[in-house]
Amino acid sequence: MPDADDFPDYNLYINVKYQLPKDSETLSATKVISRALDEQGKVVGNYHANPVLDTRVYGVLFPDGAVKQYAANIIAKHMYSQCDDERYQHQILDCILDVRKDNMALCSDDGFIINKHGQKIPKKTTKGWFFNV
């Protein structure tokens, strides 16, 4: 059976979720839902193995229900900037607005483990901490 990469116009962006700019400053969670069509019902743009030169156009769905058209090279640029080599997605934070902790949070005295060599090793936990980002 042929592999998906054997078909040059395979739409690997369909159903992909990531963040795209909705306006000039704000990133929003989106989902690619379709290829864009011209007036004659034909797909817009042409595939190229180099994502920068790929001219296909896709319909992208935003959380408010708006659908906007984005070129494949723009989609690829944002996908690559938000994912690592193992395809784990990373979220972009603007700032932390507020922080609070409850009684489950570690205090500074309990925040370390002493290993068998007498070295203090910090405990890695966010239990009991709440962040408003």
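Colleague: Happy to look at this with you! Over how many bridges do strand 3 and strand 4 pair?
Modeller: This is a predicted model, where local features need pLDDT of at least 70, side-chain atom pairs count only at pLDDT 80 or more, and totals for chains, interfaces and linings use all residues. Residues are numbered from 1 along each chain as its sequence is written, and side-chain values use heavy atoms, with hydrogens and water left out. Strands are DSSP runs of E with at least two residues, numbered from the N terminus, and two of them pair if DSSP finds at least two bridges between them. Strand 3 and strand 4 run antiparallel, and their bridges number 5.

Colleague: Nice. Which residue in strand 4 is the bridge partner of Val 60?
Modeller: Strands of a sheet pair through backbone hydrogen bonds, either parallel or antiparallel. For Val 60, the partner in strand 4 is Lys 68.

Colleague: And which are the edge strands?
Modeller: The open sheet has 4 strands in the order 1-2-3-4, with antiparallel pairing. An edge strand pairs on one side only, and that holds for strand 1 (17-21) and strand 4 (67-71).
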